Amino acid sequence: MKIAVCVSHVPDTATKIVIGSDSKTIDPNGVTYIINPYDEFAVEEALKTKEKLGGEVVVISLGKEANKETIRKALAMGADQGVLLKDDLQRDPVAVAKALSEEIKAQGAELVFFGKQSVDYDNSITGQLTAEMLGYNCVSVVVDLKIEGSKIIAEREIEGGREVVETSLPAVITAQKGLNEPRYASLKGIMAAKKKVIEEKPAQQSGKTLEILKMKKPAMKQPGRIIGTDKTAVAELVRLLKEEAKVI
Amino acid sequence: MANKIITFLEQRNGILKKSSLETAKEAVKLASALNYEVEAVAIGNNVEDLESVGKYGIGKVTFFKSESLANYSSSAYAALVSDYAKTTDADILLFSNTAMGKDLAPLVCVKLAAGILMDCVSLEVSSGEITATRPVFAGKALVEAKITSQKKIFTLRPNVFNIGELADNKAEVTAKNVENPDLRTKVVEVKKSEGKLDVAEAEIIVSGGRGLKAPENFHLVEELADTLGAAVGASRAVVDAGWRPHSEQVGQTGKTVSPNLYIAVGISGAIQHLAGMSSSKYIVAINKDKDAPIFGVADYGIAGDIFEVLPALTEEIKKIKG
């Protein structure tokens, strides 16, 4: 079975965000980019599924030349081939999903993994959009997955619990932390990844649906008050929460 | 053009979620600013008191009803909502940014060839156009954006939009029995975390970090949370150490939260954690290290020993709660 895994290349979560001079994007200077943390769970699950059911794993990433580092990381973990869809559509999830779905269709992948969200634009919908465009079933925010034949039983995280979802292939699964423990790339894997081909092609263009007007920093909170340094401050804290903040 | 807004009413176990009522109220506000009509759609089997959404200004609710729709089914729910939006020629759809809303809204988006903005924290109307504001990078920045396609979908962050004043009206509910819903994807079981409130929905969160020193000390956090009727949260460090489940993690690779009150206990405040909780209305920090970054975002702080302060705080709150 052909398995696709879609990965994004995002600023490290420790990054301090500085707004760029266009006031619409971040200033990339001094920013370290990494594989999107949730996508590591997606790659791991794709590899585990391949080990169990056989087949081939193709890694697809949409973005710029630098995304190759992230593709290379997934190849080093054990994916078979990589595709870079060159474009700069990242801020429009509908356009991103359109380009990804065209490539998945071309690859003939029946099972597709995504991370549940990218930690940059935090939309948490690219997997679902892609699934619907492909006409595939979709289970998002998955923390447990079983595939038997074409049947899928997945557990997804919801508020205060989990839903057990039954569906079937072809399908898109979006991975949540807890689904698995991503493996480290071995030295052998890293060496092998250098020889694997990353195919480059332009992303399919389609109508954009969004216009970003402005990016800004959230209003700074006023510096707070340290009320005390031991339990004698507790009574005052409770009074402030009750009378000033009115939250208890 | 029908100039219509549809707001989706989410139910769990037959009870409407509070976040859906916030969304309904915002839909009414939006409709009034745009001079649109507004109505609501609900899906389930037995949903309590759908008429009550009249209090939020909704006049009409269409309720798609079937035993097999009591639990969520993404394929069936998406088909019903999008078919209804097509039938009524609605241009704008609102959902809550919940586990269900995040799963459902994108499927509807594709079926309607709409544009979509997720997790909005404000919607402003000016000259008939909607500008949405949404956090990105887990709240380290905000983006203002508009949807350029004819059909527009917005999901709204829970706990952010004020419900405000309520009217004394009842909505007119039309139930439609659904024959043969599309159950390609269906929930066969819901496993509840025992008696716990989820951080994504809670109005008060008590979160613990590495300052608690060991997993067995987390009972101090749990006791305070119980006393306040709050959810228990955790920092990434203690989740990665295996002390607490990931579902409790607050921060950039956990949940972004906006409660009324966030009490951070023994959390120093890594940038990823601050990103996830700094939009809380009030923040209390209890931490030994007075230079910890958490105090930079806290409204009130106690720079002391949590093992001494926390039990005292629980006792004091018990007193006022009687």
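At what angle do helix 2 and helix 3 of chain B pack, and how far apart are their axes? In this predicted model, helix 2 (residues 74–88) and helix 3 (residues 99–111) of chain B meet at an angle of about 50°, and their axes lie 9 Å apart. That angle makes helix 2 of chain B oblique to helix 3 of chain B.

**Helix 2 and helix 3 of chain B**

- Helix 2 of chain B passes helix 3 of chain B in a right-handed crossing.
- From helix 2 of chain B, the residues taking part are B:Ser74, B:Tyr77, B:Ala78, B:Ala79, B:Val81, B:Ser82 and B:Lys86. Their partners in helix 3 of chain B are B:Met100, B:Asp103, B:Leu104, B:Leu107, B:Val108 and B:Lys111.
- Sorted by class, the residues of this contact of helix 2 with helix 3 of chain B are eight nonpolar, two polar and three charged.

**Where chain A meets chain B**

- Chain A brings 76 residues to the contact and chain B brings 86 residues.
- About 7000 Å² is buried between chain A and chain B, and carbon and sulfur atoms give 59% of that area.
- Three residues stand out on the chain A side: A:Glu159, A:Lys177 and A:Lys221 supply 10% of the area that chain A buries against chain B, more than any other three residues.
- Nine salt bridges are found across the interface of chain A and chain B.
- A:Glu155 pairs with B:Lys191 in a salt bridge, with the closest N and O atoms 2.6 Å apart.

- Helix 4 (residues 126–134) of chain A and helix 3 of chain B have axes that come within 8 Å and cross at roughly 40°. The two helices are therefore oblique to each other.
- Helix 4 of chain A passes helix 3 of chain B in a right-handed crossing.
- On the chain A side, A:Gln128, A:Leu129, A:Glu132 and A:Met133 of helix 4 make the contact.

**Helix 1 and helix 2 of chain A**

- Helix 1 (residues 37–53) of chain A packs with helix 2 (residues 67–77) of chain A at an angle of about 35°, with the axes 10 Å apart.
- Here too, the crossing of helix 1 and helix 2 of chain A is right-handed.
- A:Glu40, A:Val43, A:Glu44 and A:Leu47 of helix 1 meet A:Lys73, A:Ala74 and A:Met77 of helix 2. Four of these residues are nonpolar, three are charged and none is polar.
- The side chains of A:Lys48 and A:Glu45 form a salt bridge at 3.9 Å, N to O. Because A:Lys48 and A:Glu45 are three residues apart in helix 1 of chain A, about one helical turn separates them.
- Over all chains, the structure holds 50 salt bridges.

**Backbone details in the loops of chain A**

- A cis peptide bond runs from A:Leu169 to A:Pro170, with omega near -5°. A:Pro170 sits in the loop between strand 9 (161–168) and strand 10 (171–175) of chain A.
- A:Asp122 has a positive phi of about 50°, although A:Asp122 is not a glycine. A:Asp122 is located in the loop between strand 6 (111–115) and helix 4 of chain A.

How values were computed. Residues numbered from 1 in each chain as written. Chains lettered and ligands numbered in written order. Predicted model: local features only at pLDDT ≥ 70, side-chain atom pairs only at ≥ 80, totals over all residues. Heavy atoms only, no water. Axes fitted to C-alpha atoms, helices over the stretch in contact; angles between N-to-C directions. Helix = DSSP H or I, 4+ residues; strand = E, 2+ residues; numbered from the N terminus. Parallel < 35°, antiparallel > 145°, perpendicular 65-115°, else oblique. Left-handed = near helix turned anticlockwise from the far one by under 90°. Contact = heavy atoms within 4.5 Å. Nonpolar A, V, L, I, M, F, W, Y, C, P; charged D, E, K, R; others polar. Buried area = accessible area lost by both parts, 1.4 Å probe. Salt bridge = Lys/Arg side-chain N within 4 Å of Asp/Glu carboxyl O.
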